[in-house]
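The following paragraphs lead the reader through a structure, beginning with a single residue and its surroundings. Please keep the sequence and the coordinates in view while reading.

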Amino acid sequence: DSGVTQTPKHLITATGQRVTLRCSPRSGDLSVYWYQQSLDQGLQFLIQYYNGEERAKGNILERFSAQQFPDLHSELNLSSLELGDSALYFCASSTTISGGQAGEQFFGPGTRLTVL
Amino acid sequence: EDQVTQSPEALRLQEGESSSLNCSYTVSGLRGLFWYRQDPGKGPEFLFTLYSAGEEKEKERLKATLTKKESFLHITAPKPEDSATYLCAVQRAAGNKLTFGGGTRVLVKP
C-alpha cells in the first residue's frame, strides 16, 4: 500500500459525459501528479500540482482539467468524453527535497475509466 | 524530448533462470532513473532510484545498475511471484515529471 488513495476504482460512462476522479496523496506529500495509461500509449504524464498550484503540464487535452485543494487532495475532471479516453488514470504523490526538486513518486491504485 | 526504450517487450523465464532487462534512455540532464513494478490492473510500485553512472541498488532478487546511456534490472533466480511488468522512467534535472518506457512483461514459470 503506497498510501495514495484514488476513487472510484472503476467508472463506466457514455461518450459526451463528464467525470471526476479523486486522489488523496500520502500524508505530508505536497506534490500530486496525474498519469494516463492506455494499451497503445503506455504511461503518460498529464499534469502536476504542488501545494495547490499547477507546476507542470504534459500532453493533457483541453477537455481535461485538474485542481488541488487546500487539504491537498486533487481532482481530475474529464469532459466531453470520447471512446479513446478509456484508460487507467493514476495519481502519484511525492515529497519535496532540497531546491524544490521532487523525490520518488508513489502511485495510487488507479481509476479504470471505460467510455461506451 | 526525453526518450526511454525498454527491451525485451516480454520475457518468459523458468523459475531460477536469471536474466536482465534493459532500459535505454536519452534525457537532457538526468536527475534520476526509476524502476517500478506493476501488476495487472494495479498502480506501479516503486523499486529503485539511481542517480549516477556506476550506481547499483539491490532488493531481494532484484539488482539495478546505471550507465550514462542505459540501466539494467537483473533478476537473480526468479520465482513465480516476480512475474509482473517492470517499468523504467527518467526524470530530468529541470522538472519533476517522469517519462516512462513501454515496460517489460516478465513471466516466471514454476
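Asn51(A) has a relative accessible area of 47% and is therefore partly exposed; on this scale buried means under 20% relative accessible area, exposed over 50%, and partly exposed in between, with a 1.4 Å probe and protein chains only. Asn51(A) belongs to the loop between strand 5 and strand 6 (53-57) of chain A, where strands (E, at least two residues) are DSSP runs numbered from the N terminus. Its phi is near 50°, a positive value in a residue other than glycine.

The model is predicted: local features need pLDDT of at least 70 and side-chain atom pairs count only at pLDDT 80 or more, whereas totals for chains, interfaces and linings use all residues. Residues are numbered from 1 along each chain as its sequence is written, chains are lettered from A and ligands numbered from 1 in the order in which they are written, and side-chain values use heavy atoms, with hydrogens and water left out.

Chain B also contains a backbone feature of this kind. Ala77(B), a residue other than glycine, has a positive phi near 45°. Ala77(B) lies in the loop between strand 8 (70-75) and strand 9 (84-92) of chain B, and its relative accessibility of 36% makes it partly exposed. In chain A, the peptide bond from Thr7(A) to Pro8(A) is cis, with omega near -10°; Pro8(A) is placed in the loop between strand 1 (5-7) and strand 2 (10-13) of chain A. In chain B, the bond from Ser7(B) to Pro8(B) is cis, with omega near -10°, and Pro8(B) sits in the loop between strand 1 (3-7) and strand 2 (10-14) of chain B.

The next topic is the pairing of strands in chain B. Strand 4 (residues 30-38) and strand 5 of chain B run antiparallel and are joined by five bridges; two strands pair if DSSP finds at least two bridges between them. Within this pairing, Phe34(B) stands opposite Thr49(B) of strand 5. The hairpin of these strands has six residues between them, and there Gly41(B) takes a positive phi near 75°. Strand 5 (residues 45-50) of chain B is largely enclosed by the rest of the structure, because five of its six residues are buried.

In chain A, Ser31(A) is part of strand 4 and, at 2% relative accessibility, is buried. What does the side chain of Ser31(A) make a polar contact with? The partner is the side chain of Gln48(A), at 3.3 Å. A polar contact is a pair of N or O atoms within 3.5 Å; within protein, one must be able to donate a hydrogen and the other to accept it, and residues adjacent in sequence count only if both atoms are side-chain atoms. Leaving aside residues up to four places away in sequence, Ser31(A) touches several residues, among them Tyr49(A), Ala92(A) and Thr96(A).

Attention now turns to charged pairs. Side chains of opposite charge can pair when their charged atoms come close. Over all chains the count comes to eight salt bridges, each a side-chain nitrogen of Lys or Arg within 4 Å of a carboxyl oxygen of Asp or Glu. One of them joins Arg92(B) and Asp2(B) (2.7 Å, N to O). This pair links distant parts of the chain, 90 residues apart: Arg92(B) is in strand 9 of chain B and Asp2(B) in the segment before strand 1. Arg92(B) is partly exposed at 29% relative accessible area, whereas Asp2(B) is buried at 9%. Another salt bridge joins Arg37(B) and Asp39(B) (3.1 Å, N to O); here Arg37(B) is buried at 14% and Asp39(B) partly exposed at 25%.

Finally, the two chains meet. Contact (heavy atoms within 4.5 Å) involves 19 residues of chain A and 20 residues of chain B. The buried area between them is about 1,500 Å², with carbon and sulfur atoms giving 52%; this is the accessible area (1.4 Å probe) that two parts lose on being put together, summed over both. Between chain A and chain B there are zero salt bridges, but six residue pairs are in polar contact across the interface (both at pLDDT 80 or more). On the side of chain A that touches chain B, strand 4 (31-38), strand 5 (42-50) and strand 10 (102-107) each supply at least two residues. Strand 10 of chain A gives the largest share, six residues.

Definitions and conventions
Helix = DSSP H or I, 4+ residues; strand = E, 2+ residues; numbered from the N terminus.
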